[in-house]
Amino acid sequence: MSTAATHNREKAFYEEHARQSLMDLFPGRFSSGIIISDKPDLQDLKNGIGVEVTRAMPQGAGEANGFFQKMRDKYLRDVDFRKIEKFKELGCELLIYKGKIEGYSPTAFWVSDKELIQAFTAKIKALNKSDFSCFRSNDLYIFSPLFKVYDLEDIDKFSKKAADVQLQFERKFDSIYINDFGYFFKCNLLDATSLQIPICDEQLHGYNVLAKKFIDGQSINE
């Protein structure tokens, strides 16, 4: 599979994961008709909501992510231990659910909101470009670079910074959703407040399963 094809599958996986989690956690806000599109990535035409999806990636995470994609969805017992050791050398650990590799997280990481701010800044600039569709409500969904690393205090600080950053832009995000792979946060940028929603391993696994089925279905139709 080409690098471009791998990137497209990975992008589609995270977009579908985000779509499933939003419908599950916020059924009163998002309809079942929310679709995957582009600029923004998710569009709920019925409710007038657009959601752009992105990931907050630590510096140098590209090699580890590429390595992980080769092991995703495999049982740990079926993976050559030398590959696992190589992954550890890259500063990451695998996240296992019922014996199967479902994610990964850097083992050494100085907790800050730098990656979140970088991801937000890039997307608020994208929102204000002429080729980006504007909705009644424009939201942002960020996948955290780590597993259960942020707490509500961290997200509160980030929410206030993000609200300040977007003051200089005409178009603004209304809400930010942060998937911390164990906790889920929603930031309301209109008043710079945030809330924390616990999510269990079974929910995360369910989103992963549905996202995997989605991209496998795409491959069949291509």
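**Notes on the sheet, its hairpins and its aromatic cluster**

1. Cys-200 is partly exposed, because its relative accessibility is 35%, and Cys-134 falls in that class at 44%. (Buried means under 20% relative accessible area, exposed over 50%, and partly exposed in between, with a 1.4 Å probe and protein chains only.) The disulfide count is zero, where a disulfide is a pair of cysteine sulfur atoms within 2.5 Å.

2. A word on the model before going on. This is a predicted model, in which local features need pLDDT of at least 70 and side-chain atom pairs count only at pLDDT 80 or more, while totals for chains, interfaces and linings use all residues. Residues are numbered from 1 along each chain as its sequence is written, and side-chain values use heavy atoms, with hydrogens and water left out.

3. Now the sheet. Seven strands make an open sheet with mixed pairing, in the order β1-β2-β3-β6-β7-β8-β9. Its edge strands are β1 (35-36) and β9, each pairing on one side only. Helix α5 (residues 152-165) packs on this sheet and touches β6 (137-143), β7, β8 and β9. (Contact means heavy atoms within 4.5 Å; helices are DSSP runs of H or I of at least four residues, strands runs of E of at least two, numbered from the N terminus; two strands pair if DSSP finds at least two bridges between them.)

4. Two hairpins are worth a look. Strands β7 (residues 175-179) and β8 (residues 183-188) are antiparallel over five bridges, and Asn-179 has Phe-184 in β8 as its bridge partner. Three residues lie between these strands, and Phe-181 in the turn has a positive phi of about 55 degrees. Next, β8 and β9 (residues 193-198) run antiparallel, joined by six bridges; here Lys-186 is partnered by Leu-195 in β9. This hairpin has four residues between its strands, with Ala-192 in the turn at a positive phi of about 55 degrees.

5. On to the aromatics: there are 12 aromatic pairs. Rings of Phe, Tyr and Trp (its six-membered ring) pair if their centres lie within 6.5 Å; planes under 30 degrees apart count as stacked, over 60 as edge-to-face and the rest as tilted. Tyr-14 and Phe-143 are edge-to-face, because their planes stand at 70 degrees, with ring centres 4.9 Å apart. Tyr-14 lies in helix α1 (residues 3-25) and Phe-143 in strand β6, 129 residues apart. Tyr-14 is buried at 11% relative accessible area, and Phe-143 is buried at 1%.

6. Ring pairs also link a cluster whose members include Phe-13, Tyr-14, Phe-143, Phe-181 and Phe-184.

Key
Axes are lines fitted to C-alpha atoms, for helices over the stretch in contact, and angles run from 0 to 180 degrees between N-to-C directions.
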